[in-house]
Amino acid sequence: MADIVCMKAMKESKKKKAERISRILELFDREYGTELRCALEHRSAWELLVATILSAQCTDARVNMVTGPLFEKYPAPEAFARADQAELERDIHSTGFFRNKAKNIILCARQIVEEYGGEVPSGLEELTGLAGVGRKTANVIRGNIYNEPSIVVDTHVKRISRLLGLTDTSDPVKAEFELMDLLPKDHWILWNIDVITLGRSICIANRPKCSECFLRGECPSAGSERKNGK
């Protein structure tokens, strides 16, 4: 499937692709609006950082169920920095991979307290230097908290961007830079938000609802039998 999409995309001129992307963005704006919205509930940069770490291989709904009482128990990075790892593991057990997540959250909290005075940094290099924080998590913080234009490449963004013929790579970092070249900055963080919404409701992996999709007229993969984009 990905090879077919790639061949169609190769036949498309740069001008035609730019025009199609413009139409795709207009359709997204019309369908979902342009307001930045984050499915992970948070009241601060630190809370969003913890929630994003917990969201790995876990649904946002489950994370939100966990973080409510978690942030009551540990109200600031200082409290997480002093946390007992075994106890924190029990607190976040239902999010999966709880041992590694608990270890990283405690180490990350200690770094933020000791190196940044308890404040989550805004720079990409500083964020990715924190325990448990990769480019995806860092870009979530930069885009949603600090309003820094950022592209977040998760499984939905990688899969659907390939189906739309905007990238042909399975490497998230390469996809990030390719999308940065194609999309206007004011839609970088929105791309992640909108594509996740689409991927959860319409363009579902292996069982897409192409006939219901408002992008079907602009998608080179529309109507294809296999749509997982792998």
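Start by selecting α12 (residues 188-201), which gives the most to the lining of the largest pocket, with 5 residues. Helices here are DSSP runs (H or I, at least four residues), numbered from the N terminus. Bear in mind that this is a predicted model, where local features need pLDDT of at least 70, side-chain atom pairs count only at pLDDT 80 or more, and totals for chains, interfaces and linings use all residues. Residues are numbered from 1 along each chain as its sequence is written, and side-chain values use heavy atoms, leaving out hydrogens and water.

Next, the pocket itself. Its volume is about 920 Å³, the space filled by probe spheres set on the grid points. A pocket is an open set of points on a 1 Å grid, with protein on both sides within 12 Å along at least five of seven lines; lining residues have an atom within 4 Å of a point. Select Ser55, Ala56, Asp60, Lys136 and Asp154: of the 35 lining residues, these are the closest to the centre. The lining divides into 14 nonpolar, 14 polar and 7 charged residues (Ala, Val, Leu, Ile, Met, Phe, Trp, Tyr, Cys and Pro are nonpolar; Asp, Glu, Lys and Arg charged; the others, Gly among them, polar).

Axes are lines fitted to C-alpha atoms over the stretch in contact, with angles from 0 to 180 degrees between N-to-C directions.

Last stop: aromatic pairs, 7 in the whole structure (ring centres within 6.5 Å). Pick Phe28 and Phe214: their centres are 5.7 Å apart and their planes at 80 degrees, so the pair is edge-to-face (planes over 60 degrees apart). Phe28 lies in α2 and Phe214 in the segment after α12, so the pair ties together parts 186 residues apart in sequence.

Note on methods. Helix = DSSP H or I, 4+ residues; strand = E, 2+ residues; numbered from the N terminus. 1 Å grid on protein atoms, 1.4 Å probe; cavity = no way out; pocket = protein on both sides within 12 Å on 5 of 7 lines; lining within 4 Å. Phe/Tyr/Trp six-rings, centres within 6.5 Å; stacked < 30°, edge-to-face > 60°.
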